[in-house]
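Colleague: Could we go through a few positions and helix contacts together? Please keep the answers plain.

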Amino acid sequence: MGTDPHLAIFQGERRRLAGLAYRMTGSVAESEDILQQAWIIWSRQDPDIIDSPGKWLGTMVTRLCLDFLKSAYRHRETYIGAWLPEPLLQGEVTDAEQDWIVTEDVSIALILTLDKLTPEMRAAFILRDAFDFSFDEIASVVGRSPENCRQLVSRARRRIAGADIPAQVPTQEARQMTQAFWQASRHGDMQALLDLFAGEIEIHTDGGGKVPAAMNVLKGRERAARFFAGLARKGLIIPQPCPPLRRINGAPGIVSTEAGNIVQTTAFAIRNGRIAAIWITRNPDKLRHLRGHPAMS
């Protein structure tokens, strides 16, 4: 029995398409829906008459993402509190379905930077850098002139170059920093927290209005330390063993559970031996896809 050419081509492009959809939407669930829609459309095409299936699929996924963002941005205007992308949890062994998590740049810092761009600028940048689209090809996707698309990509690159996206840190250093933060925050140790935090640390907590979370991004070492010390003082976080180190969107992190249910993911940006950012996702809608995740078994 021969291999379905539609499926073989789609599977060969799936990693990049998944990374494209996630960087456009910041949502695992929406990315999966968009890839499913793209597959249905692709399965009806004749691959023999399509010069570049990869670019054809990239175009289709981008257009579906742009359609999604038109409604998503209206919803975002009423979103309660800070917004974070749905966390991507990486296990010790990455399976083929999740391979794109480690092979594509899907860091939280990058997604937050991309989220500040217009949808068209976001699409132009990703298509140029990830799919090597020409500016003429990008123009046909986003509905702008080639010269305008060149400017969109240039502006996007400047903004991303100006963003402070942390580099990877060795696993042992990440484990030590994570455990030190866990102990200091659970005991409300202000001095230990101040020693761990960078001066310009940012704390993002996304509860989506469904569970308790800080309404705004907390900036600065003193404010961040007072926040965690206050939670401990009020008994809202209690001492218990630190969960094992995970990778969340490629960053070191931990997954908090209660009665076997995931209630929070916490990811860290570590820079020059200090914690420069903490991204806490508590919105249960954004944790649903982690149920039964192999990394938690």
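Colleague: Is phenylalanine 131 buried or exposed?

Modeller: Phenylalanine 131 counts as buried because its relative accessibility is 5%; buried means under 20% relative accessible area, exposed over 50% and partly exposed in between, with a 1.4 Å probe and protein chains only. This is a predicted model, in which local features need pLDDT of at least 70, side-chain atom pairs count only at pLDDT 80 or more, and totals for chains, interfaces and linings use all residues. Residues are numbered from 1 along each chain as its sequence is written, and side-chain values use heavy atoms, with hydrogens and water left out.

Colleague: Where is phenylalanine 131 placed?

Modeller: Phenylalanine 131 lies in the loop between H6 and helix H7 (135–142). Helices are DSSP runs of H or I with at least four residues, numbered from the N terminus.

Colleague: Which residues is phenylalanine 131 in contact with, leaving aside neighbours within four places in sequence?

Modeller: They are Arg16, Leu17, Leu20, Gly54, Lys55, Gly58 and Ile126, where contact means heavy atoms within 4.5 Å.

Colleague: At what angle do H1 and H6 pack?

Modeller: Helix H1 (residues 5–25) and helix H6 (residues 119–130) pack at about 155°, and their axes are 10 Å apart. H1 is therefore roughly antiparallel to H6, a term for angles over 145 degrees, while those under 35 are roughly parallel, 65 to 115 roughly perpendicular and the rest oblique. The axes are lines fitted to C-alpha atoms over the stretch in contact, and angles run from 0 to 180 degrees between N-to-C directions.

Colleague: Which residues meet there?

Modeller: From H1, Arg16, Leu20, Arg23, Met24 and Thr25 meet Pro119, Arg122, Ala123, Ile126 and Ala130 of H6. Six residues of this contact of H1 with H6 are nonpolar, one is polar and three are charged.

Colleague: Moving on, how do H7 and H8 cross?

Modeller: The axes of H7 and helix H8 (residues 146–162) come within 8 Å and cross at roughly 95°, so H7 and H8 are roughly perpendicular to each other. Phe135, Asp136, Ile138, Ala139 and Val142 in H7 meet Pro146, Cys149, Arg150 and Val153 in H8.

Colleague: Last topic: where is threonine 113 found?

Modeller: Threonine 113 is in helix H5 (residues 108–115), and it is buried, with a relative accessible area of 12%.

Colleague: What does threonine 113 touch?

Modeller: Not counting residues up to four places away in sequence, threonine 113 touches Arg159, Ile160 and Ala163.

Technical notes: Helix = DSSP H or I, 4+ residues; strand = E, 2+ residues; numbered from the N terminus. Nonpolar A, V, L, I, M, F, W, Y, C, P; charged D, E, K, R; others polar.
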